[in-house]
Amino acid sequence: MDAMRKLVADIKAEEAGLMSERARTTAELASTMSMTLSGGGIVAVVLAAVLVLWLARNITAPLAYAVHVAKRVARGDLTARVEVRSKDGTGELIGALKDMNDSLLDIVTRVRAGTDAIAIVSGEINSGNQGLSARTEQQAGSLEETASSMEELTSPPGVPPCCSNEFEEGALL
């Protein structure tokens, strides 16, 4: 029995040694796992921050460009060359701003051409009116001369033209 007791004691000692080694290995694994998870968490946070900054830049930069284009158009600068850089919603917005800018430029060009034509026609009308006024004055002067000549021809001899009506009524007799 002593041999069995010794064998049981050896098994218990071996088991205690294995348990101690397992406890130490478990503690080391727990420490390694804790450091790995902490490091992974830090890396995940850094990657998330980088991703957030990248997404924010990719969203806000085209919107800032669209606002810049809209402000230029609002100030009346229709010479801006608008470039559509993407095909997403922001790209569609910038494309619509480009179309609006091109349409406004076309409208302004046509209005300018119309006002130039109106200015030319107005100048021609003014010139025609001045010519008509000069001819009317000339005709009025000719008509006065004709009336004066007719009065001289129709007045009796020896009676001044200013008094011929009074002579005809018998006032001067």
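1. Let's start with how the two helices pack. In this predicted model, the axes of helix α1 (residues 2–74) and helix α2 approach within 9 Å and cross at roughly 15 degrees. Angles under 35 degrees count as roughly parallel, so α1 and α2 are roughly parallel to each other. The crossing of the pair is left-handed. As a reminder, two packed helices are described by the angle between their axes and the distance between the axes.

2. Which residues make the contact between α1 and α2? On the α1 side they are Pro62, Leu63, Tyr65, Ala66, Val69, Ala70 and Val73. The α2 side brings Thr90, Leu93, Ile94, Leu97, Met100, Asn101 and Leu104. Sorted by class, the contact holds twelve nonpolar residues, two polar ones and no charged ones.

3. Thr90 is worth a look on your screen. This residue lies in helix α2, which spans residues 89–154. Is Thr90 buried or exposed? Its relative accessibility is 14%, and buried means under 20%, so Thr90 counts as buried. Setting aside residues up to four places away in sequence, Thr90 touches Pro62 and Leu63, and both of these belong to the α1 side of the helix contact.

4. Asn101 also sits in helix α2. With a relative accessible area of 1%, Asn101 is buried. Which residues does Asn101 touch, not counting those up to four places away in sequence? They are Val73, Asp77, Leu78, Ala80 and Val82. Val73 is one of the α1 residues in the helix contact, while Val82 turns up again in the core described next.

5. The largest nonpolar core has six residues, namely Tyr65, Ala66, Val69, Val82, Ile94 and Leu97. Helices α1 and α2 each supply at least two residues of this core. Its largest share, three residues, comes from α1. For background, nonpolar side chains tend to be buried together in soluble globular proteins.

6. Tyr65 links several of these points: this residue is a member of the core and takes part in the contact of α1 with α2. Leaving aside neighbours within four places in sequence, Tyr65 is in contact with Arg81, Val82, Glu83, Arg85 and Ile94.

7. Finally, the whole chain. The protein has three helices and zero strands, and from the N terminus its elements run α-α-α. How many of the 173 residues are buried, as a percentage? Buried residues make up 10%. Of the contacts with a separation of 6 or more, 37% are between residues 24 or more positions apart.

Technical notes: Residues numbered from 1 in each chain as written. Predicted model: local features only at pLDDT ≥ 70, side-chain atom pairs only at ≥ 80, totals over all residues. Heavy atoms only, no water. Helix = DSSP H or I, 4+ residues; strand = E, 2+ residues; numbered from the N terminus. Buried < 20%, exposed > 50% of the residue type's maximum accessible area, 1.4 Å probe, protein only. Contact = heavy atoms within 4.5 Å. Axes fitted to C-alpha atoms, helices over the stretch in contact; angles between N-to-C directions. Parallel < 35°, antiparallel > 145°, perpendicular 65-115°, else oblique. Left-handed = near helix turned anticlockwise from the far one by under 90°. Nonpolar A, V, L, I, M, F, W, Y, C, P; charged D, E, K, R; others polar. Core = buried A, V, L, I, M, F, W, Y, C linked by side-chain atoms within 4.5 Å.
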